[in-house]
Amino acid sequence: RLARRGRHLTGLAAAACLWMAACYALFMGIGRVNFLNETRNFASVLRHERRGNEAVYAYRCYLRGLPFYLRETVGLVLPHSDDIRLAMESGHAPGSFPGERAFLSSLHGDARMFVVVRNEDLQALQGIARRPLYILARSDQHDLVSNRLVDGQRQELQALLGPAGVDLDAS
């Protein structure tokens, strides 16, 4: 009797271990595609790409947890939000809530910056900015873009595009 119970428990333990291994493999595979935690993926890309004090903004969206992973404030650009307007008027963290005009002016400027934008808003933002925005990371719902490439990336991209490619210096 005791031996039979031991076999059942051993079989149950083995089935549980196989189930845990299958779940782990499944979730690791999904995690690598970054559908489960796009915020952590975007923060990782930002840590790798940023040089110094380059600004990060969320344009017409809010990627929950990004300030936590970056350990710093992320600017929010929501032109039609009463909460943001109230925060701007009260002077709460002025760099955190730029108006859309100030944001677009920065996007046109020489300083490199990063923007998290919803997939469906990317083309509109690119049209308003009247310049190419370089996609650094994508997820189901959001894109992480930059208004400038670092010099090494620019040279690699220009070599890849060849002489018939886009003139990156004009952008």
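Guide: A definition comes before the strand itself. Two strands pair if DSSP finds at least two bridges between them. The model is a predicted one.

Take strand E1, residues 55-59. E1 and E3 run parallel and are joined by 5 bridges. E3 covers residues 113-118. On the other pairing, E1 meets strand E2, residues 75-77, through 3 bridges, again in the parallel sense. Tyr59 shows both pairings. Tyr59 stands opposite Val117 in E3. Tyr59 also stands opposite Val77 in E2.

Now burial. The cut-off for a buried residue is under 20% relative accessible area. Of the 5 residues of E1, 4 are buried, so the strand is largely enclosed by the rest of the structure. Tyr57 belongs to E1. Its relative accessible area is 12%, so Tyr57 counts as buried. Tyr57 and Val117 lie 60 residues apart in sequence, yet their C-alpha atoms are 8.7 Å apart in space.

Next, the core. The largest nonpolar core has 17 residues. Val56 is among the members that touch the most other members, together with Leu46, Leu66, Leu70, Val116 and Leu144. H2 gives the most, with 4 residues. In soluble globular proteins, nonpolar side chains tend to be buried together.

Val116 ties several of these pieces together. Setting aside neighbours within four places in sequence, Val116 is in contact with Tyr57, Ala58 and Tyr59, among others. Its contacts also include Phe42, Cys61, Leu63 and Leu66. His142, Asp143 and Leu144 complete the list.

A second, separate core has 14 residues, including Phe103, Leu107, Val117 and Leu122. In a regular strand the side chains alternate between the two faces of the sheet. Val116 is a member of the largest core, while Val117 is in the second core.

The buried residues of H5 are Phe103, Leu104 and Leu107. Seen down the helix axis, they fall within an arc of 95°, so they line one face of H5. An α-helix has 3.6 residues a turn, so residues three or four places apart point the same way. The buried residues of H5 pack against E1, E2, E3 and helix H6 (122-129).

Step back to the whole chain. It holds 7 helices and 5 strands. From the N terminus on, the order is α-α-β-α-β-α-α-β-α-β-β-α. The chain has 171 residues, and 33% of them count as buried. Take contacts between residues at least 6 apart in sequence: 50% join residues at least 24 apart. The chain exposes about 11300 Å², and carbon and sulfur atoms supply 57% of that area.

The structure holds 1 aromatic pair. The ring centres of Phe68 and Tyr69 are 5.3 Å apart and the planes stand at 70°, so the pair is edge-to-face. Phe68 counts as exposed, at 59% relative accessibility. Tyr69 is partly exposed, at 25%.

Conventions:
Residues are numbered from 1 along each chain as its sequence is written. This is a predicted model: local features need pLDDT of at least 70, side-chain atom pairs count only at pLDDT 80 or more; totals for chains, interfaces and linings use all residues. Side-chain values use heavy atoms; hydrogens and water are left out. A nonpolar core is a set of buried Ala, Val, Leu, Ile, Met, Phe, Trp, Tyr and Cys residues joined through side-chain atoms within 4.5 Å. Buried means under 20% relative accessible area, exposed over 50%, partly exposed in between (1.4 Å probe, protein chains only). Helices (H or I, at least four residues) and strands (E, at least two) are DSSP runs, numbered from the N terminus. Contact means heavy atoms within 4.5 Å. The arc is that of the directions from the helix axis to the C-beta atoms. Accessible areas come from the Shrake-Rupley method with a 1.4 Å probe; for residues, only the protein chains shown count as cover. Rings of Phe, Tyr and Trp (its six-membered ring) pair if their centres lie within 6.5 Å; planes under 30 degrees apart count as stacked, over 60 as edge-to-face and the rest as tilted.
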